[in-house]
Amino acid sequence: MGYRNVVVGTDGSVTAERAVREAARVAASFGARLTIVTAFSPNPAAEARARAEAPEDVQWAVTDAASADERAERGRAIARETGVQDVRIVTESGDPASAILEATDSTGGDLIVVGSKGMASPSRFVLGNVPNKVSHHAPCDVLIVHTVP
């Protein structure tokens with residue numbers, strides 16, 4: 001039977017791209033859809049100043065959302081290079097783990113792929129991190145890709 005919808009989160013880092021490549025490899029092997037999720041934390045005050053100075057037709061690009069879109073598009077390019085035909089992008093404001101979990105729920109994801117970055121750091125016990133949060137709250141299988149050398 002296999003997976004039908006693989007969900008992966010990316011922040012555009014080299015380690016996140018490793019997770020995207022692995023998610024794409026899994027999606028391609030099953031002929032599954034790949035949903036790439038990026039999240040951003042907007043700074044309303046800085047964004048308002050920047051938008052006020054930008055021309056109206058490009059004001060949307062002056063936000064942190066534009067960077068998130070760029071990261072997602074890079075993930076899409078990686079997925080297409082790997083042979084995935086059906087690639088969707090979700091860009092959300094807020095906590096990355098929550099964005100991944102919400103995208104999984106809304107798309108019917110049956111596998112979440114995340115990188116391992118941050119899982120070995122001491123802060124994981126205090127602050128938590130994306131792989132830990134996702135693995136503890138996922139409604140489906142989770143593949144944690146070893147992305148840290």
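I'll take the sheet, then the helices, then the cores.

First, the ground rules. This is a predicted model, where local features need pLDDT of at least 70, side-chain atom pairs count only at pLDDT 80 or more, and totals for chains, interfaces and linings use all residues. Residues are numbered from 1 along each chain as its sequence is written, and side-chain values use heavy atoms, with hydrogens and water left out.

Now the sheet. It is open, with 5 strands in the order 3-2-1-4-5, and the pairing is parallel. Strands here are DSSP E runs of at least two residues, helices are H or I runs of at least four, and both are numbered from the N terminus. Two strands pair if DSSP finds at least two bridges between them. Which strands stand at the edges? Strand 3 (87-93) and strand 5 (141-145) do; each has a single partner strand, so one side of each is left without a neighbour in the sheet. On average, neighbouring strands are turned by 20° against each other, direction ignored. Axes are lines fitted to C-alpha atoms, for helices over the stretch in contact, and angles run from 0 to 180 degrees between N-to-C directions.

Strands 2 and 3 pair in the parallel sense over 7 bridges. V37 has V90 of strand 3 as its bridge partner.

Next, what packs on the sheet. Helix 4 (residues 96-107) touches strands 1, 2, 3 and 4, and its direction makes about 145° with that of strand 2. Contact means heavy atoms within 4.5 Å. Helix 5 (residues 130-137) touches strands 4 and 5, at about 160° to the direction of strand 4.

K133 is in helix 5. It is partly exposed, with a relative accessible area of 31%. The cut-offs: buried is under 20%, exposed is over 50%, partly exposed is in between, using a 1.4 Å probe and protein chains only. K133 and A97 are 36 residues apart in sequence, yet 6.2 Å apart in space, C-alpha to C-alpha.

Finally, the cores. A nonpolar core is a set of buried Ala, Val, Leu, Ile, Met, Phe, Trp, Tyr and Cys residues joined through side-chain atoms within 4.5 Å. The largest has 18 residues, and V6, V8, L34, V84 and V113 have the most contacts inside it. Helix 1 gives the largest share, 6 residues. A second, separate core of 13 residues includes V90, A103, I112 and C140.
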